[in-house]
Amino acid sequence: MNGAVRNLPPRLVVGISGASGVTYGVRVLDALNDLGVESHLVVTRATLLTLSQETDLTPGDLMGRATVSHRLNDVGATIASGSFRSLGMIVAPCSVRTMSEIATGVTSTLLTRAADVVLKERRPLVLMVRETPLHLGHLRTMTALAEMGAIIAPPVPAFYAKPTSIAEMVDQSVGRALDLFGLDWSAVRRWGGLKGPADAE
């Protein structure tokens with residue numbers, strides 16, 4: 001029917017940079033598969049180095065978790081255009097280099113171009129920045145990104161969830177980041193309020 005709007009499946013752009021913590025990106029893809037969300041993946045070259053050092057996964061294993069995988073230098077990919085409809089983009093983990101490139105708007109790869117597109121279209125951009133300690137330049141870059149509309153969401157443990165493994169800590173951080181897109185992943189342990197006696201007088 002002319003003029004009809006197609007109901008597209010929900011989809012999210014996923015960037016994985018070379019910072020330590022590639023497992024965050026892996027679990028984002030797993031979560032999106034669980035939720036029935038179409039994932040569009042783009043990774044940096046350093047990501048594959050980190051993948052080999054931190055996991056037993058191959059590049060093929062990683063790409064196979066995504067609905068669609070895009071080449072880093074494919075600036076003509078769908079996710080490079082604002083007309084590509086999505087829930088937004090998450091970069092997990094996000095290196096300082098990637099964060100800084102996004103902040104300047106001088107994008108040299110599909111990953112940072114896709115992030116720039118998400119910002120200009122006023123869609124959520126969630127950056128799971130992995131760096132510590134932070135110097136003033138890092139903090140100023142984060143401030144600039146926040147002023148542009150990005151959400152800085154470093155993966156930090158939520159001890160109230162009483163994690164018993166690193167995997168549970170990773171999943172809690174991933175799930176809370178996905179909350180920012182309105183996606184409710186079952187692996188998240190929600191705060192249920194204080195337990196025990198009332199506050200002492």
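Buried here means under 20% relative accessible area, exposed means over 50%, and partly exposed lies in between (1.4 Å probe, protein chains only). Keep that in mind as we walk through this predicted model, where local features need pLDDT of at least 70, side-chain atom pairs count only at pLDDT 80 or more, and totals for chains, interfaces and linings use all residues. Residues are numbered from 1 along each chain as its sequence is written, and side-chain values use heavy atoms, with hydrogens and water left out.

**The sheet**

Start by selecting the strands (DSSP runs of E, at least two residues; helices are runs of H or I, at least four, and both are numbered from the N terminus). You will find 6 strands in an open sheet, ordered β3-β2-β1-β4-β5-β6, with parallel pairing. β3 (68-70) and β6 (151-152) stand at the edges with a single partner strand each, so one side of each has no neighbour in the sheet. Strands count as paired if DSSP finds at least two bridges between them; β2 (residues 38-43) is joined to β3 by 3 bridges. Zoom in on Leu 41 and you will see Ser 69 of β3 opposite.

**Salt bridges**

Next, select Glu 38 and Arg 11, whose side chains meet in a salt bridge (3.6 Å, N to O). This pair links distant parts of the chain, with Glu 38 in strand β2 and Arg 11 in strand β1 (residues 11-16), 27 residues apart. A salt bridge is a side-chain nitrogen of Lys or Arg within 4 Å of a carboxyl oxygen of Asp or Glu. Glu 38 is buried at 18% relative accessibility, and Arg 11 is buried at 15%.

Move to helix α1 (residues 22-35), where Arg 27 and Asp 30 are 3 residues apart, about one helical turn. Their side chains form a salt bridge of 2.9 Å, N to O. Arg 27 is partly exposed at 24%, while Asp 30 is buried at 14%.

**The loop between β3 and β4**

Now pick Ser 86, in the loop between β3 and β4 (89-94). Ser 86 is buried at 16% relative accessibility, and touches Arg 11, Val 13 and Arg 123, not counting residues up to four places away in sequence. Contact means heavy atoms within 4.5 Å.

Finish with Asn 73, which lies in the loop between β3 and β4 and is exposed at 58%. The C-alpha atoms of Asn 73 and Val 106 are separated by 15 Å.
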